[in-house]
Amino acid sequence: MRYLVLSDVHANASALESVLEDARDAWDAALLLGDLVGYGGSPNEVVDRVRSLPIAAAVRGNHDKVGAGLEDGRNFNPAARAAALWANESLSPDNLEWLRALPRGPVVADSGVVLCHGSPADEDAYVFSPRDVLDALQAHPGRLILFGHTHLPMALRLDELGRLADRSARPGQALALGHEAHRWLLNPGSVGQPRDGNARASYALLEPETGRWELRRAEYDVAASQAAILAAGLPSFLADRLALGA
Ligand code: ZN
């Protein structure tokens with residue numbers, strides 16, 4: 001099975017469209033790591049488009065919970081909260097219901113790949129430091145654990161001797177996940193709001209049978225997504241950051 005791995009699309013319809021165009025014919029089913037809505041100006045377009053894809057497994061993100069009306073976003077910063085509450089008001093009843101039904105991670109796909117938004121230990125936790133990585137790997141026995149939430153692409157390997165290594169490769173360069181005794185924590189980066197200083201949409205392709213992981217970046221129409229944010233009356237800072245990838 002060839003998976004398209006998407007995380008943190010954040011209501012950015014043109015970024016999603018570019019990713020689907022860039023990845024065409026290279027995948028069979030999608031794995032969704034959460035945060036389809038929030039920050040961006042096109043929540044319905046994004047949820048409609050994602051629902052039209054063959055989805056193998058999905059989890060919800062923290063912004064999805066607020067967008068779906070399951071939480072009130074009290075713990076969000078003001079701009080993030082404004083965008084998530086606006087998504088909640090804007091989503092069609094059908095899309096709201098679909099979003100509300102997304103499961104909390106971790107979720108295990110048929111292939112044994114594990115999906116979570118933040119960490120298998122806590123769907124809202126951020127995995128940044130080596131300590132966070134070890135906590136995440138201890139919380140679930142899965143060999144391949146996919147996560148999002150930080151908006152930073154990552155490929156970290158734990159070997160049979162308990163050594164942790166950063167194996168992040170350049171976009172377009174496939175990574176061999178190889179060895180059965182090696183465990184991986186993999187983040188495809190963010191489709192709709194990259195934060196690693198690269199404005200291009202980030203996503204990944206994964207083939208568990210052959211142990212192949214490939215991070216990819218796709219150029220998209222940033223101006224169109226900025227216009228959608230401003231047209232929705234959301235804080236202009238959310239539009240500005242898209243051009244910076246920050
Ligand atoms: Zn996010």
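Biologist: Leaving aside its neighbours within four places in sequence, which residues is Leu-206 in contact with?

Modeller: In this predicted model, Leu-206 is in contact with Met-1, Arg-2, Tyr-3, Val-5, Val-113, Leu-146, Leu-177, Arg-212 and Trp-213, once its neighbours within four places in sequence are set aside.

Biologist: Where does Leu-206 sit, and is Leu-206 buried or exposed?

Modeller: Leu-206 belongs to strand 11, which covers residues 201-207, and because its relative accessibility is 2%, Leu-206 counts as buried.

Biologist: How far apart are the C-alpha atoms of Leu-206 and Asp-64?

Modeller: Those two C-alpha atoms are separated by 24 Å, and along the chain the residues are 142 residues apart.

Biologist: Let's turn to the nonpolar core. Which residues in the largest one touch the most other members?

Modeller: The largest nonpolar core has 45 residues, and those that touch the most other members are Leu-4, Leu-6, Val-19, Trp-27, Leu-36, Val-191 and Tyr-203. Helix 4, residues 78-90, gives the most to this core, with 6 residues. Apart from this core lies another one of 21 residues, including Val-5, Leu-31, Leu-115 and Leu-177.

Biologist: Now the helices. Which residues are buried in helix 1?

Modeller: Helix 1 runs over residues 13-22, and its buried residues are Ser-14, Ala-15, Leu-16, Ser-18, Val-19 and Leu-20. These buried residues pack against strand 1 (3-6), helix 2 (43-51), strand 11, strand 12 (212-218) and helix 7 (222-231).

Biologist: What about helix 2, which residues are buried there?

Modeller: In helix 2 the buried residues are Pro-43, Asn-44, Val-46, Val-47 and Val-50. They cover an arc of only 165° around the axis, so they are on the same side of helix 2. The elements that the buried residues of helix 2 pack against are helix 1, strand 2 (29-32), strand 3 (55-58), helix 4 and helix 5 (93-100).

Biologist: And helix 6, which residues are buried?

Modeller: Helix 6, residues 130-139, has Val-133, Ala-136 and Leu-137 buried. Viewed down the axis, the buried residues of helix 6 fall within an arc of 95°, and therefore they line one face of the helix. They pack against strand 6 (144-146), strand 7 (154-158), strand 8 (164-166) and strand 10 (183-187).

Biologist: Changing topic, what are the protein donors of the zinc ion?

Modeller: The donors are Asp-8 (OD), His-10 (NE2), Asp-35 (OD) and His-151 (NE2), and they lie 2.0 to 2.6 Å from the zinc ion. Along the chain, these donors follow the spacing D-x1-H-x24-D-x115-H. Both Asp-8 and His-10 are buried.

Biologist: What are the angles among the donor atoms?

Modeller: The angles among the 4 donor atoms are 88 to 174°, and the site of the zinc ion is irregular.

Biologist: Last one, how many aromatic pairs does a search of the whole structure find?

Modeller: The search finds 1 aromatic pair. The ring centres of Tyr-126 and Phe-128 are 5.8 Å apart and their planes are at 5°, so the pair is stacked. Tyr-126 is partly exposed, with a relative accessible area of 41%, and Phe-128 also counts as partly exposed, at 46% relative accessibility.

Technical notes
Residues are numbered from 1 along each chain as its sequence is written. This is a predicted model: local features need pLDDT of at least 70, side-chain atom pairs count only at pLDDT 80 or more; totals for chains, interfaces and linings use all residues. Side-chain values use heavy atoms; hydrogens and water are left out. A nonpolar core is a set of buried Ala, Val, Leu, Ile, Met, Phe, Trp, Tyr and Cys residues joined through side-chain atoms within 4.5 Å. Buried means under 20% relative accessible area, exposed over 50%, partly exposed in between (1.4 Å probe, protein chains only). Helices (H or I, at least four residues) and strands (E, at least two) are DSSP runs, numbered from the N terminus. Donors are N, O and S atoms within 2.8 Å of the metal (3.2 Å for Na, K and Ca); water is not among the atoms, so sites may look incomplete. Four donors count as tetrahedral if all angles lie between 85 and 135 degrees; four count as square planar and six as octahedral if opposite donors are over 155 degrees apart and all others between 65 and 115; anything else is irregular. The arc is that of the directions from the helix axis to the C-beta atoms. Contact means heavy atoms within 4.5 Å. Rings of Phe, Tyr and Trp (its six-membered ring) pair if their centres lie within 6.5 Å; planes under 30 degrees apart count as stacked, over 60 as edge-to-face and the rest as tilted.
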